[in-house]
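Whole sentences grouped by topic would be welcome.

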Amino acid sequence: MRIGLFVPCYVDAFEPEVGIATLELLERFGLKVEYPYDQTCCGQPMTNTGCHAEAAATEALFVKNFTEFDYVVAPSGSCVHQVREHLTAIPQTDAVKAVRSKTFELVEFLHDVLKIEELPWAEFPHKVAYHNNCNSLRGIHHARPSELNAPFFSKPLDLLKKVRGIEIVDLTRPDECCGFGGTFSVFEPAVSAKMGYDKVGDQARAGADYVVSADSSCLMHQKGCAERLGLPQKFIHIAQVLNGAVA
Amino acid sequence: MSADDLRPNEDALHPDVQPASDESARGQDGQRLQHAEAASKPIRAPATREPQPRGAKIRGDRPIDQAEAAERFLAAPLHQKAHDERLWDVRKKRDVATQAIPEWEELRELASQIKTHTLSHLDEYLEQFEAAAKANGVHVHWAADGAEHNRIVHGILKDHGAKTLIKSKSMLTEECGFRHYMAANGIDIIETDLGERIQQLDDEEPSHVVMPAVHKTRIDVAEVFARTLGTDPTNDDAHYLAESQRMTTRPHILQADAGMTGCNFAIAETGTVVTCTNEGNADLSGNVPKLQIHSIGIEKLIPRVEHLGVFIRVLARSALGSTITQYTSHFRKPRAGSEMHMVLVDNGRSARLGMEEFWTSLKCIRCGACMNTCPVYRRSGGLSYGATYSGPIGLIIDPTFNKRKYSTLPFSSTMNGSCTNVCPVKINIHEQIFAWRKVLAEEHQIPLLKQGMMKAAGAVLSRPAAYRAAIGTADSALRALPRFAVYNPLNTWGKGREMPETPKQSFHSWYKQNRMKDGAK
Ligand code: SF4
């Protein structure tokens, strides 16, 4: 099984440890993981803004880079959502469709494809608030959203429960959007920041030492908000926790 | 913004507010409703007076600057917090009410299918409705747009020499600019819905489809009533205010020449107009004067009475978290000695029906659930959208009324998708927001700056070498990244948030150093 690792541009740039943790974690399961060297981005910043024509070349490059793999795995719910639902600016050839359908977000890959049972190396003795990133939650169905009358499930919490010593704290508004929203964060900065303040305030009141999420972009935004308010909690990607990060 | 802002909120809320009783905290599956502990607090009036923030600046057809109006709303923290908490409270009640019936998701699916079916055969159902209404002795009129609606109603009033009109809340008449038109034609209109009356007296548009004055605090209402009805300006007791409104409105109701209602559901088989209210004001508006008029958006049709049950069950639960509205009124035939008119209004609806990606927005039953759950709406206030319809449903139908003026609205969203999940008729709201962005970009209705930035981003992101050059070294990443990664022209990021730290090394260069030592790959 050949796995192509996709490291989204903002992870590449801002959170390299998340890419490293994803790579190492997948390798712990004995997988052969390759990182196509010419990769850049999935096209989301452009399509999110309505600019599909401007996204076409980036989407084509994505498909070219990942076409030869059995699975494409990325530590980002929003990028995987883009690839699966919105990578439509280029003609939908068989190759494009194949790449789109075999692209998985890390949590769902571990949970649904590898069906992992244990993480003996992982220990995280902290109070953790889990942040359900909206694209992961409602776009690629990581968990049951609070709006629906449906049986409860949560893939990320299933995985985190395998981590020794972890304590999950509850938020009053657990799946309210944190206000990042991609380009929304810069085009509507006041509302975006206020949503972030409310989110990190909720986490602080819940007594979280750490906030864990499957998306670095939300974490980056929340971290910026928490620091501005002088709140103490720290932010870490789920790949790092599952890979046995010692914090 | 300081840590003080994170304290629990104890601000004044609008008189509509009922303190939440903490209902069942568990759903069907025994799981805790995830936000059940977010109980609402008893409300006390704040000591300090904070002027009510006003809505978006309207400058003809120029694009609405929702972000600017939202920023002013946020700058009024008492209002913003009261608004957010009030609506979140409604969202919580909605969750409790919907979790209480096992067949909830099935009901949504049914409601959606009934609407989809009706809209796909709208011409037939409209004809059936017209025939049934005529057989009931109702005068039926057709209006192609808002202006024609207003002229028709004005004509009916003139025919009867009617000078005063009482009406219940109707978003359709807001769409038509009805109140302004009638005021210009010397007709006195009295809104009988409490929230709508507050907005009328304050000469402001409704900010929410179900709770028109939800953006106002009790103190704001006391001020408006003191100014317009002569009540005691220092008394902001909810009962006092509601009673004052009732006492001053009653005489108008009893003396009005004509009455008017909107329509929640129009039943094709029987020609019935159904309204759902909590104040009973639609009954008064429809039943007291000798002349009654019902304005109906053509998308309100449902085929048969038996379908109504589905909608009655989903409407109140979605809107307010109650099982049913206090009043569900059926208007079918004129009373003895009185006259009944129905005006069926298109106003852009049939054009919308022809829009492949957007026609299902016509399924909307105006429950407001998408607004209550929308994190952007709760923090911006409905008036910031500068349109008849605000919040998620507004984002997807306002551009059908005026593509240029409302071109900015589909961008006032994080596309988090909560709206789609609460919508009782399963409109894919956040996907339509995404689709609108595409349409607007293609038609060059988005700012050149934005499109230019995306073009530049696309050029960098599609060329590995250019991309590497942009973020290749820690130094250049430090300089290039904030602009590059968040496409930030004016450092709007840094205004409210700390910037991310500079990484020592990108993942890419780590990989090169640690995994490609011999240049093997
Ligand atoms: S779009 Fe759906 S949720 Fe929003 S008001 Fe209409 S019916 Fe209600």
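In this predicted model, a network of salt bridges links Arg173(A), Glu176(A), Lys194(A) and Asp198(A) with Asp84(B), Arg378(B) and Arg379(B), a salt bridge being a side-chain nitrogen of Lys or Arg within 4 Å of a carboxyl oxygen of Asp or Glu. Local features need pLDDT of at least 70 and side-chain atom pairs count only at pLDDT 80 or more, whereas totals for chains, interfaces and linings use all residues; side-chain values use heavy atoms, with hydrogens and water left out. Residues are numbered from 1 along each chain as its sequence is written, while chains are lettered from A and ligands numbered from 1 in the order in which they are written.

**Salt bridges between the chains**

- Over all chains the structure holds 48 salt bridges, and the count between chain B and chain A is seven.
- Asp198(A) pairs with Arg379(B) in a salt bridge whose closest N and O atoms are 2.8 Å apart; because Asp198(A) lies in helix α11 (residues 189-205) of chain A and Arg379(B) in helix α15 (residues 375-380) of chain B, the pair joins two chains.
- Helices (H or I, at least four residues) and strands (E, at least two) are DSSP runs, numbered from the N terminus.
- Arg379(B) has a relative accessibility of 1% and counts as buried, where buried means under 20% relative accessible area, exposed over 50% and partly exposed in between (1.4 Å probe, protein chains only).
- Another salt bridge connects Asp84(B) to Arg173(A), with 3.0 Å between the closest N and O atoms.

**The interface as a whole**

- The contact between the chains involves 89 residues of chain B and 80 residues of chain A, contact meaning heavy atoms within 4.5 Å.
- About 7600 Å² is buried between chain B and chain A, with carbon and sulfur atoms giving 61% of this area; buried area is the accessible area (1.4 Å probe) that two parts lose on being put together, summed over both.

**Salt bridges within chain B**

- Glu204(B) and Lys216(B) form a salt bridge in which the closest N and O atoms are 2.7 Å apart; both residues lie in the loop between α8 (194-201) and α9 (218-229) of chain B, so the pair ties together parts that are 12 residues apart in sequence.
- Both partners are buried, Glu204(B) at 8% relative accessibility and Lys216(B) with a relative accessible area of 2%.
- Glu243(B) and Arg246(B) meet through their side chains in a salt bridge (2.6 Å, N to O), and they are separated by about one helical turn because they stand three residues apart in helix α10 (residues 238-255) of chain B.
- Glu243(B) counts as partly exposed at 36% relative accessibility, as does Arg246(B) at 38%.

**Architecture and helix packing of chain B**

- Chain B has 23 helices and 10 strands, and 59% of its 521 residues count as buried.
- Among the contacts in chain B with a separation of 6 or more, residues 24 or more positions apart account for 74%.
- The axes of α2(B) and helix α12 (residues 305-320) of chain B come within 6 Å and cross at roughly 145°; axes are lines fitted to C-alpha atoms, for helices over the stretch in contact, and angles run from 0 to 180 degrees between N-to-C directions.
- On the α2(B) side, Val90(B), Lys93(B), Arg94(B), Ala97(B) and Thr98(B) meet Arg317(B), Ser318(B), Ala319(B) and Leu320(B) of α12(B).
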